[in-house]
Amino acid sequence: MDTPDILSSLTEVDERTCTQLRELFNWNPHVFELGKLHASQTTQTLNPDFYDKHLAKHLRLLKLCVSPSIPSRLIEYVDKALLAIKERGISFYAPGVESLSAALLDAETTVAVQDARNETDLVNSYKVTTAAFISKAASMITLHPDATSLWSGILSWDTNRLGSSQAVADGYLAVKPKLRGVSAIDALKNPTHPQLPAYLRNIFECVLDKDTIGLILDHIQAIALWTFKSLTEAPFAVMCAILRLDKHNVTSFPWVTCTTKKGSCKTRNRDRIKARTGPDSDELTRGLDASVLTLVSPHPSTRTPENPDARKASPSVFVGSGKIAEMKDEDGRVDSSDKGVPLIFPPKITQTRKRKRGRNSLNGEDTNEERRKDHELGDVYRQSDDGRAEHWVQQAWCEAVRADATVVTFHSGNYEIIGFRHRATQTFYISEIIEPPTQAQYGKVEVGLCIAAFQDAARRCKKSKKDIKDNDNTGSDSNAVDQRQKIICDDLGYRGSRRVKGETDKALQLTGSRNIAAIFLGYGIYDSVSPACFYRTHPSLYPGAALQNPLPSPDRPSYLADEYVTFALISEYNDCATGVVHGAALEVRTRQGKCLVRDAIVKMAFRADQQERLLNEYLIYRRMAAKNVQAIPIVLGLYKDAEGGPSALVMTHEGTSLDECAVCVTPAERAAFIQALKAIHAAGILHNDIRRRNLVVNETGEVAIIDFDRSTRKNSLIKQAQELAVLENVLAGL
């Protein structure tokens, strides 16, 4: 049913509203032209985010299906919502709707004179034109059609990032968490809240399903995602290449992982690693006219790739069932030997060139010259249309997993593709290429996208609530996934990392002499198949740690188990000033084959400015180590990702933050904190971030001050006294 027919049949609906909706539904944005002045190309399409490479197998994209009927299905969502308004006899008029067409024209005129130089220009254009109007229309049509005070809504489209450090500009649709200083949860419970203006009181009084909206606010970050690429990065050829990705359905989508082939990691997580995502509602994907070449198993760990020349080699480490698991050989057999397990960097293989076995390389791997040639060919492929398409789709899928979103839109100005993520089958259903400047009823398609995304989120939340209730009735532990993950490694000689006076810690000493690190992820949605390889750039500050000289080349084909150290990242901390901070288990093997395990902290820095601050933090620690400052973490080195990713500062784990402690601080601990800060000041360091989060205590009552990424070396006695006063005030409140 087309737009004039459905709107003309709504006799109960106010004619002014019908006129404005007709303008919106038939609206098209202008054609973008690439700005010739200062036009920029992003490299973000070429390099998947570091975390994307470690997504658990059961969450990765397996197949992609092209469904031409997606736009028409989205239009049907709008028609059904409007017919529901008609059946209820609602006039559906609110002041402000009359200015919709004028506002569209004004916004379009403002944007039309600008050239699109990069993703930021595209996302800003979409935000002030399409997004500004479709979110309000979808909110009015679906959530509160009875509202009469103002044409507005509680759905918002914004451009804040939801976790990725790679993409330049993206957007998302969500229920507004706060309106005029009042949380949406409070407004749903009390629509007449005195801080709310009259039009918002009217909207919240008219919300049709307050309970469901409350569930969405509690459990879902974003109900739909948009990912943007510039005209130079995603021209028509790249959008066409996305549609051709269904060619991989015979084997599975060519997911990019770390190129390290093997690594040894013994640490296990007590809680099974599961998706922190809800179920599928199936309403969006049911009956789509998509064709799949060959259905593949939704459990890739049980399959062997049919194509031996696939771009990424079959991994030799299988990490599944919620654990950073034992070493397994190519046939899945557990390799029980600790010593001599190699960490291998296989070549990057292109589609057009088969691998050659090098006679001079360990374990039959390629020689460095062959690896260099493969790497160059791999770079060429990643910059091709197919390579850009694959990496863009992988990034978008990962963002959807992180945000637990079903609806994802790929947008490059003049072209757009809409996708639905199906979790159970790990399938992306995508539309054919939509051209916003010429697509019939483009505005209506976008409004339908918002309505469909909200209804999908609502159904999934209700289903999740029912599943939790059923689990409670059967006596199962529904909170098992949310419990804090713990490490089981008692059989590996585990102990805390705090140094003992007069005793050398063999694990920390050996770590200082290993200049190659294998990093596994094993928490939340991450479960590494192959580790990331990091090489040391700055030495350990642990006393007695002997640095190998010269540093081994990270381009070596392999390393033995007693030549590298393993870090298993098992948690992630919030509220970090620099990069991302992880709780980790450090594993180091002796030449006798014994595996020593310690608690550790790994701080990752991605952007250039973050890496500069991380280096400054290392230098601050080095200064304090030279002055023999105690009650601070011991830095075990600064590392760099061999694949050009983040830098990592590794240090010992010193205890639990006072923010997390349920007990009061003792007088002895208060005095120890003050003495620790005085020692830091005596070394010429000002911490600059004294708060409860950065004060930690271990199980034996030893204290430490952590997190020196804002510290400075130049300070005065006045500033030292001020910082001591801050510390005393913090401790006084405990």
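Student: In this predicted model, which residues on the other side of H14 are exposed, and what makes them count as exposed?

Tutor: They are Ala 608, Glu 612 and Ala 626, and the label requires a relative accessible area over 50%. Buried, by contrast, means under 20%, and in H14 that applies to Gln 610, Leu 614, Glu 617, Tyr 618, Ile 620, Tyr 621 and Met 624.

Student: How do you know that the span of H14 agrees with its number of residues?

Tutor: Helix H14 has 19 residues (608-626), which at 1.5 Å a residue should span 27 Å, and because its end C-alpha atoms are 27 Å apart, the two values agree. After H14 comes Asn 628, with a positive phi near 60 degrees.

Student: Why are H15 and H16 called roughly antiparallel?

Tutor: The axes of H15 and helix H16 (residues 717-732) cross at roughly 160 degrees and come within 11 Å. Angles over 145 degrees count as roughly antiparallel, and H15 and H16 are therefore described in that way. The contact involves Arg 670, Phe 673, Ile 674, Leu 677, Lys 678 and His 681 of H15, and residues of H16 including Leu 724, Leu 727 and Leu 731.

Student: What makes the phi of Arg 180 worth a remark, and is Arg 180 buried or exposed?

Tutor: Most residues other than glycine have a negative phi. Arg 180, however, has a positive value, near 50 degrees, and its place is in the loop between strand S4 (178-179) and strand S5 (182-183). Its relative accessible area is 56%, and because the label asks for over 50%, Arg 180 is exposed.

Student: Why does Asp 707 count as buried?

Tutor: Asp 707 has a relative accessibility of 10%, and since the cut-off is under 20%, Asp 707 counts as buried. Asp 707 also has a positive phi, near 65 degrees, and lies in the loop between strand S24 (703-705) and H16.

Student: How much of the protein chain is buried?

Tutor: Buried residues account for 55% of its 734 residues.

Key:
Residues numbered from 1 in each chain as written. Predicted model: local features only at pLDDT ≥ 70, side-chain atom pairs only at ≥ 80, totals over all residues. Heavy atoms only, no water. Helix = DSSP H or I, 4+ residues; strand = E, 2+ residues; numbered from the N terminus. Expected span 1.5 Å × (residues − 1). Buried < 20%, exposed > 50% of the residue type's maximum accessible area, 1.4 Å probe, protein only. Axes fitted to C-alpha atoms, helices over the stretch in contact; angles between N-to-C directions. Parallel < 35°, antiparallel > 145°, perpendicular 65-115°, else oblique. Contact = heavy atoms within 4.5 Å.
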